[in-house]
Amino acid sequence: MSRVYNFSAGPAVLPEEVLREAAEEMLDYNGTGMSVMEMSHRSQAFKEIIETAEADIRDLMNIPDNYKVLFLQGGASQQFAMIPMNLMKNGVADYIVTGQWAKKAAAEAEKYGKVNILASSADKTFSYIPDCSDLPVSEDADYVYICENNTIYGTKYKELPNTKGKTLVADVSSCFLSEPIDVSKYGVVYGGVQKNVGPAGTVIVIIREDLITDDVLPCTPTMLKYKTHADAGSLYNTPPAYGIYICGKVFKWLKKQGGLAVMKEKNEQKAKILYDFLDQSRLFKGTVVPKDRSLMNVPFVTGDADLDAKFVKEAKAAGLENLKGHRSVGGMRASIYNAMPIEGVEKLVEFMKKFEEENL
């Protein structure tokens, strides 16, 4: 069985080179006579794995020295609680709701303090990013929260909100390492790795050191304090060791490709092929305002639910997997993360053209 083109939104496609390397090392990592899955997280071999991974992501993202990199568990969804527990000093936070995940994060934060929704694109099914240049940021807000790339709806902030001096917190799960970012503009930037970086089970949190304190909400469990993990170098308890190992390999692969500026060019090139076709197609249409389109997640529809289902079924038979849209919106979605080769997008467009001819 040859490999399919996997357009899944997450867990998602990983670089084949990384998977082959991991397969070669499965039984014997670097002469240890054991798999990374089996080794102690306190061993010298694992210490090198996690330290190298951290050094490489710092290099790739140009992370300033006053930021900690934490490899944690619980996925991005656990951060929905960790952020207010650790950062809500005044008990107030501002959220911009541009999709399902920001909405869930805001609802979670409401358990710990007052949440103000500064802006939302719910009025048009989250098909655009609101203007965030002059928002009514709360004077006493501890932070302003965004989900930077909306996996389900295919939108992406092209400019960060004007937070008027307040700490910006961003969930970047589905655009993580897809292009360069200026980390110094954020207080916290985090992402579940299963979309663009590694296997499910690991979340990477990049947090400015002044935000890591013992001054957290009294109800905060030890495991949910950033300080617990920062002080222990992400080794307070057994970390998601194998996930960190694969992320480390992906960081090496990204460096080999030329880094994040090169990845951005490649991602723009891939997305353009698909968006250009959608813009002239007589059958398919994109669902996002063009200026807010994501490079990573491309939702589209035919306008007929039965035809959508037929497309997904026939695409699967043609080796184009996981094109069904999120259950909350239907339609189709192609996630074209870093590891999706350009040929995958070309094959998809070729298939869409053929399907259009046969079904118009």
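Where does M26 sit? In this predicted model, M26 is found in the loop that runs between α1 (16–24) and α2 (44–61). Together with L27 and M37, M26 makes a nonpolar surface patch of about 330 Å². M26 itself is partly exposed, since its relative accessible area is 31%, which falls between the 20% and 50% cut-offs.

Now go inside. In soluble globular proteins, nonpolar side chains tend to be buried together. Here the largest nonpolar core takes in 87 residues, and I206, F251, F284 and F311 have the most contacts inside it. Helix α6 (residues 241–257) is the top contributor, giving 10 residues to this core. Apart from that core lies another one of 28 residues, including F80, Y143, V205 and L211. F311 is worth a click: if you skip its neighbours within four places in sequence, F311 touches F284, F300, L323, M332, L348, F351, M352 and F355.

Next, a bit of sheet. Three strands line up in the order β11-β12-β14, forming an open sheet with antiparallel pairing. At the edges are β11 (285–286) and β14 (332–335), each pairing on one side only. Strand β12 (residues 297–301) runs antiparallel to β14, and four bridges join the two. If you want a place to start tracing, N297 has S335 in β14 as its bridge partner.

Then come the charges. Side chains of opposite charge can pair when their charged atoms come close. The model has 24 salt bridges in total. One of them joins the side chains of E16 and R3 at 3.7 Å, N to O. E16 belongs to helix α1 and R3 to the segment before β1 (5–6), so this pair ties together parts 13 residues apart in sequence. Both ends are partly exposed: E16 has 37% relative accessibility, and R3 has a relative accessible area of 48%.

The side chains of K249 and E21 meet at 2.8 Å, N to O. Because K249 lies in helix α6 and E21 in helix α1, the pair ties together parts that are 228 residues apart in sequence. K249 counts as buried at 12% relative accessibility, while E21, at 34%, is partly exposed.

For a local case, look at helix α8 (residues 305–317), where K310 and E314 lie four residues apart, about one turn of the helix. Their side chains form a salt bridge at 3.9 Å, N to O. Finally, D56, D59, K252 and K255 are linked in a network of salt bridges.

Technical notes:
Residues numbered from 1 in each chain as written. Predicted model: local features only at pLDDT ≥ 70, side-chain atom pairs only at ≥ 80, totals over all residues. Heavy atoms only, no water. Core = buried A, V, L, I, M, F, W, Y, C linked by side-chain atoms within 4.5 Å. Buried < 20%, exposed > 50% of the residue type's maximum accessible area, 1.4 Å probe, protein only. Contact = heavy atoms within 4.5 Å. Patch = residues over 30% accessible without salt bridge, like charges linked within 9 Å, V, L, I, M, F, W, Y side chains within 5 Å. Areas by Shrake-Rupley, 256 points an atom, 1.4 Å probe, with all protein chains shown as cover. Salt bridge = Lys/Arg side-chain N within 4 Å of Asp/Glu carboxyl O. Pairing = 2+ DSSP bridges.
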